[in-house]
Amino acid sequence: MQGRTWGLRLLLLLGLGLGSQEALPPPCESQIYCHGELLRQVQMARLYQDDKQFVDMPLSSAPDQVLRHFHELAQAYNLSIPRQELQVFVQEHFWAVGQELQPWTPEDWRDSPQFLQKILDPKLRAWAGQLHQLWKKLGKKVKPEVFSHPEQFSLIYSRHPFIVPGGRFVEFYYCRYGHVPNGARVYYLQRSQPPLLTLMMDRYVAHTNDTTFLRDHIETLASELDFWTKNRSISVSAGGKSYSLNRYEVPYGGPRPESYSKDAELAATLPEGNRDTLLAKLKAGAESGWDFSSRWLVGGPNPSSLSSIRTSKLVPVDLNAFLCQAEGLMSNFYSRLGNDSEAAKYRNLRAERMAALKDVLWDEDKGAWFDYDLENEKKNLEFYPSNFAPLWAGCFSDPDDVDKALKYLEDSRILTYQYGIPTSLQKTGQQWDFPNAWAPLQDLVIRGLAKSPSAKAQEVAFQLAQNWIRTNFDVYSKKSAMYEKYDVSNGGQPGGGGEYEVQEEFSWTNGVVLMLLDRYGDQLSSGAQTTFLAPHCLAAALLLSLLPQ
């Protein structure tokens with residue numbers, strides 16, 4: 001207890017290097033992984049290129065003992081420990097990242113899955129086989145020490161094995177902890193993930209027909225949606241009506257532990273009274289998955305600076321499309337389980353959200369959905385692939401919306417990008433902006449269009465899939481690696497920008513590529529682009545389709 005008491009006293013005296021005591025609570029109680037003077041000194045000393053490395057390192061002894069030794073070291077140096085001494089301290093009291101994990105190969109992994117035979121291009125088939133091998137490398141299992149001594153780890157224990165994303169992300173994602181936290185680390189607990197757990201259940205049940213598993217866990221799915229209703233809802237007025245929609249919001253203070261030094265430096269540029277608000281909005285941006293993007297900066301005093309971030313002031317299209325889809329799936333689940341009253345409840349919730357998507361987020365002139373700025377009471381009319389999320393989620397009622405969205409793609413000149421759909425058209429230096437392209441956003445647009453009965457939409461979906469496959473294949477051919485994001489501005493190459501170096505391996509990139517190869521394997525080519533519909537021809541076709549018949 002001595003170390004804990006001293007740590008609290010020192011925190012009160014020194015704060016977090018940002019001013020006085022926090023008004024908002026820290027992201028967790030740990031004075032090593034979430035807040036406190038030890039975390040502050042180590043992260044501000046920049047012992048590692050990436051702040052996440054330190055907060056992912058397990059303790060070699062009990063937290064109180066580590067804090068007591070840190071207290072003694074701090075006293076010896078009048079509370080200002082030299083960098084070299086901090087390095088020695090960390091080496092003596094922490095283990096290297098990943099020591100709490102062991103390799104795991106999925107039991108159902110097969111060396112030559114059937115879908116490979118559907119890929120006609122021999123180069124793409126060989127490449128897909130190499131990507132399939134990566135699942136063994138990315139498979140992990142938590143060691144039993146994390147269960148017996150959880151206080152010594154930032155990793156949250158799971159008895160089930162899992163696939164990690166790769167690179168710096170060596171934890172599992174989409175676990176249940178009262179809600180779905182941003183990741184399986186104690187410092188992520190107060191941030192959620194975009195609500196896709198219900199969709200995961202739908203895919204599992206469709207594959208296995210395991211109704212018993214659905215029945216056993218239907219309340220878990222309901223509790224996730226309840227989390228968003230209770231903690232992330234906002235009322236929006238449009239056309240004389242009031243609608244309940246959702247936003248990203250994380251009302252917790254202090255710098256993000258995994259990006260501590262960057263957050264602390266940014267907060268120090270603002271008046272003391274504005275710092276907690278900034279830090280909370282940075283966490284909300286991380287909760288969105290788009291950390292960071294011009295999406296969350298637009299409308300601020302300096303839209304090119306993260307100090308203008310306003311995540312919780314915006315109602316995101318994709319978040320509300322995900323929830324609309326989840327509400328529809330929950331209605332289907334309860335009908336399947338024979339619970340008509342709950343099925344009707346979620347059917348009504350979906351109908352209400354569909355109306356809100358149309359009345360608040362849809363723009364008839366542009367032909368797409370857009371984030372809504374709560375403060376300025378207007379839509380953000382910039383291009384983002386998330387503008388197409390309702391197509392992907394099946395949350396629109398007018399069939400003509402597909403053709404209008406296609407025309408919007410053309411008007412935005414997105415189809416002129418041959419190497420992938422850019423994340424935005426704004427070049428801010430943030431990783432979720434131009435010129436980067438991300439696999440999940442390609443999937444959002446491609447499958448959104450491919451679901452349509454429109455031949456034109458399906459042709460564009462295939463063209464976009466071909467572009468993305470070729471970019472990934474060409475980069476892999478040169479680098480022997482898959483990346484979390486790609487630069488689509490100049491021939492296709494690994495992406496950049498943001499808070500850390502571009503990461504390799506990478507689970508969602510591999511997954512989207514394999515999904516596209518499975519879907520279009522009999523058509524995709526590893527060679528040069530030759531047969532796609534030219535953008536101006538596509539525009540003409542779309543315009544003709546919009547004329548009265």
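How far apart are the end C-alpha atoms of H12, and what span should its 20 residues have? They are 29 Å apart, which agrees with the 28 Å that the 20 residues should span at 1.5 Å a residue. The expected span here is 1.5 Å times one less than the number of residues in the helix. This is a predicted model, in which local features need pLDDT of at least 70 and side-chain atom pairs count only at pLDDT 80 or more, while totals for chains, interfaces and linings use all residues. Residues are numbered from 1 along each chain as its sequence is written, and side-chain values use heavy atoms, leaving out hydrogens and water.

**Helix H12**

- Helices (H or I, at least four residues) and strands (E, at least two) are DSSP runs, numbered from the N terminus.
- Of the 20 residues of H12, 17 are buried, so the helix is largely enclosed by the rest of the structure. Buried means under 20% relative accessible area, exposed means over 50%, and partly exposed lies in between (1.4 Å probe, protein chains only).
- After H12 comes Gly338, which has a positive phi, near 85°.

**Cysteines and disulfides**

- A disulfide is a covalent bond between the sulfur atoms of two cysteines. Here, a pair of cysteine sulfur atoms within 2.5 Å is taken as a disulfide, and by this rule there are two.
- Cys28 and Cys34 make one of them, with sulfur atoms 2.0 Å apart. Their link is right-handed, with 105° about the S-S bond.
- Cys324 sits in helix H12 (residues 317-336) and Cys395 in the loop between helix H14 (389-393) and helix H15 (400-411), so the pair ties together parts that are 71 residues apart in sequence. Cys324 and Cys395 are both buried.
- If you number the bonded cysteines of the protein chain in sequence order, the pairing reads 1-2, 3-4.
- Cys175 is buried, at 11% relative accessible area.

**The nonpolar core**

- In soluble globular proteins, nonpolar side chains tend to be buried together.
- A nonpolar core is a set of buried Ala, Val, Leu, Ile, Met, Phe, Trp, Tyr and Cys residues joined through side-chain atoms within 4.5 Å. The largest one here has 159 residues.
- Leu38, Phe94, Trp127, Leu449 and Leu517 have the most contacts inside this core.
- Beyond residues up to four places away in sequence, Leu449 touches several others, including Leu391, Leu406, Val460 and Leu464. Contact means heavy atoms within 4.5 Å.

**A buried loop residue**

- Val170 belongs to the loop between strand S3 (162-163) and helix H8 (197-208). It counts as buried, at 19% relative accessibility.
- Apart from neighbours within four places in sequence, Val170 is in contact with Asp56, Val97, Leu101, Val164 and Arg185.
- Val170 and Leu101 are 69 residues apart along the chain, and their C-alpha atoms are separated by 8.6 Å.

**A three-stranded sheet**

- Three strands make an open, antiparallel sheet in the order S11-S12-S13. Strand S11 (436-438) and strand S13 (493-494) are the edges, each pairing on one side only.
- Two strands pair if DSSP finds at least two bridges between them. S11 and strand S12 (residues 485-487) pair over three bridges, and Ala437 stands opposite Tyr486 in S12.
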